[in-house]
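I opened my notebook to look at how two chains meet.

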Amino acid sequence: MEIEVSENVLQVHLNGLLQINDKIALKEITRQLNLENVVGDKVFGSFAENLSFLLDALRKVPIVEDLISFDYGNCFNFLWTFGDRISSCPVIFVLDEFDLFVHHKNQTLLYNLFDISQSAQTPVAVIGLTCRLDILELLEKRVKSRFSHRQIHLMNSFGFPQYIKIFKEQLSLPAEFPDKLFAEKWNENVQRLSEDRSVQEVLQKQFNVSKNLRSLHMLLMLALHRITASHPFMTSADLMEANQLCSMDSKANIVHGLSVLEICLIIAMKHLNDIYEEEPFNFQMVYNEFQKFVQRKAHSVYNFEKPVVMKAFEHLQQLELIKPMERTSVNSQREYQLMKLLLDNTQIMNALQKYPNCPTDVRQWATSSLSWL
Amino acid sequence: MPPLEHVVLCREAQVSTLQSLFGERHHFSFPSIFIYGHTASGKTYVTQTLLKTLELPHVFVNCVECVTLRLLLEQILNKLSYLNASEGCSTEIICETFNDFVRLFKQITTVESLKTQTVYIVLDKAEYLRDMEANLLPGFLRLQELTDRNVTVIFLSEIIWEKFRPNTGCFEPFVLYFPDYSIGNLQKILSHDHPPEYSADFYAAYINILLGVFYTVCRDLKELRHLAALNFPKYCEPVVKGEAGERDTRKLWRNIEPHLKKAMQTVYLREISSSQWEKLQKEDTDPGQLKGLSAYTHVELPYYSKFILIAAYLASYNPARTDKRFFLKHHGKIKKTNFLKKHEKTSNHLLGPKSFPLDRLLAILYSIVDSRVAPTANIFSQITSLVTLQLLSLVGHDDQLDGPKYKCTVSLDFIRAIARTVNFDIIKYLYDFL
């Protein structure tokens, strides 16, 4: 049946990520249908010419006179019978990332495709694939009216027991695997894992976050890459570690690698946010706050020059942990540009807990709510 | 090529993860891998070394160089065709859109040598991709699916993945974190490049001292290596001169410590170049006489220009209502309560300079200069020169009908130095220091 379909039907596959405007889309359709204005891979003619050429080709009306009037130069021989070839074969257009096509100018391509499919002159079917449920609102009025309003929703409607079954299926080795003995042991191990309490907990957590099978695949991939010749079977510990890697806070990881001076600046910003309720600050204010900490007698070890502190501040900006409120204008000085901190208090306190060799006075400064103590 | 463990230090876990992801040559790898970590945490180095050692076909592109889409796509395609060019140089490929890229990529990878193995495209500094065309990042994440070929795209970046994710979702890559080096790891790596004339212990002691001074400020491996290389000759000086042995740690410490502190203020900040620093070390001059780049901003200004600048600073940092009190000879009674009300937060020195009209500048100028100043074209041209020197800045449009407004963009230290040269006590006139 499949082979029958592919021989009798012409297919055109378009993708919204690749064909970002109607001109490119049109050239791609012409290329895939191998129409006669294609030489090798190049498609000749302007957008309007291509469009009318394509529309005429898809309609049954023989338009021999029009064809001869197209002036592509001497490299083409017009086969007026090509209209017959197209007209006898149904064409299926598959549009992937359909929601990106609706952003093209005037939705010309969609309008024409739907128009042709409605006009019943050539058997043309248009199938759009998209993730957006509100796709109909994005269509223009005229395009929408030509749409047949046939929607098929593919939803993940399985429950948790089904999810565990899918987990088992994905992980099991197929029967064609060359080493039959190993495959058997592996599949037994998978069965054992699916009945293990801690593994079920991990899967439940994953299921609660997203039913998406891709995230399940990611979890399994993270667990699988620990399998080596010396560790041939997966254990529940592997899965738990994989779950931890999945739910890692990447900002906390970045904060983990900052220098002590940069951590002090973040704590100064935290105090400013606490006192002034999240109003934007500039470098001068942060430096001032930091100086209050430094000037207490025991902390003179942190007494760095202002340019050194500025370099640390700029490093934080480079890592996008702080962000300017508006674009840098050439006229304003960098010390006075208003910024926002992109970490919240809980993240900062958690990161400080994990920070290696954090000096105790810095940690105490972070937890104290009254900065003048 | 020496074995991988000797070339790549302290990254065993990451290397084994990458190797297990790559799998066998002909296996399909995960379509996209995202590697993030601090700068100088080895991402580029490990990826390149691994791909070269295992001799996998790969293309390495740094997105900083690719300001337009075309540059990026053409670079990838040209480097790919170079990989399998057995005869001479093939012609430069022209590629303007992502659609053409996919088509040409499919053509190039049908060559025998590339068909059976995974091709890796490594995009360094991938954060620049976010600012290019919107379809580029999602397209590269799915390149394996779009081209239907055995290709894997590896993204290297400092910025975390959450800041890359497009609003409408995309294919999630495999995210791999390269942790920052611990202090032990840093010591190990830095000690690795000790010059052969000295013992490893001697160099390790030096590295300890260096890290002691710089570790709280900077953990960037590249900077630390640079500083280590620059300052080592100074450290060895007492040994070379015969004043101390290799084990006299106290003497060596006393010799190098002020030097390192000075380095933090100059070479670390790129105030002076490394060649200047090396010259200074050889000449053995007192490091206190170093003049960095910032010192050269103390340009010698003419007499009136200095006063114009001081007047501008006062106009920027004093609120207008206080001018009467500071600059009039007989200002009468000023209500104290309104005048002295100021919050610490609204201290003008924290918020930055405010703009002022030209008239106010001239009024303050006349009151602070002792002798009579005529408003000649000379004065106005000096104001314009100050704007050119970027000591003042023009606020608003050039052709404003109400008259130009300016802002003073110098720091307090700078203006105090200038005021000292004309014997003007600026602190007395500043509202924030009342």
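How much area do chain B and chain A bury between them? I noted first that this is a predicted model. I looked up the value: chain B and chain A bury about 4800 Å². Carbon and sulfur atoms carry 57% of that area.

**Entry: who takes part.** I found 56 residues of chain B in the contact, and 50 residues of chain A.

Entry: I counted three salt bridges between chain B and chain A. One of them joins B:Arg130 to A:Glu320. Their closest N and O atoms are 2.8 Å apart.

**Entry: the chain B side.** I listed the elements of chain B that each supply at least two residues to the side touching chain A. Among them are helix H2 (12-22), helix H12 (249-265) and strand E5 (174-177). H5(B) gives the most, with five residues. I sorted the residues of this side too: 27 are nonpolar, 15 polar and 14 charged.

Entry: For A:Cys246, the nearest cysteine sulfur belongs to B:Cys170, 15 Å away. A disulfide needs the two sulfur atoms within 2.5 Å, so A:Cys246 is in none. A:Cys246 is partly exposed, with a relative accessible area of 33%. B:Cys95 is in no disulfide either. Its nearest cysteine sulfur, that of B:Cys66, is 12 Å away. B:Cys95 is buried, at a relative accessible area of 1%.

Key: Residues numbered from 1 in each chain as written. Chains lettered and ligands numbered in written order. Predicted model: local features only at pLDDT ≥ 70, side-chain atom pairs only at ≥ 80, totals over all residues. Heavy atoms only, no water. Buried < 20%, exposed > 50% of the residue type's maximum accessible area, 1.4 Å probe, protein only. Contact = heavy atoms within 4.5 Å. Buried area = accessible area lost by both parts, 1.4 Å probe. Salt bridge = Lys/Arg side-chain N within 4 Å of Asp/Glu carboxyl O. Helix = DSSP H or I, 4+ residues; strand = E, 2+ residues; numbered from the N terminus. Nonpolar A, V, L, I, M, F, W, Y, C, P; charged D, E, K, R; others polar.
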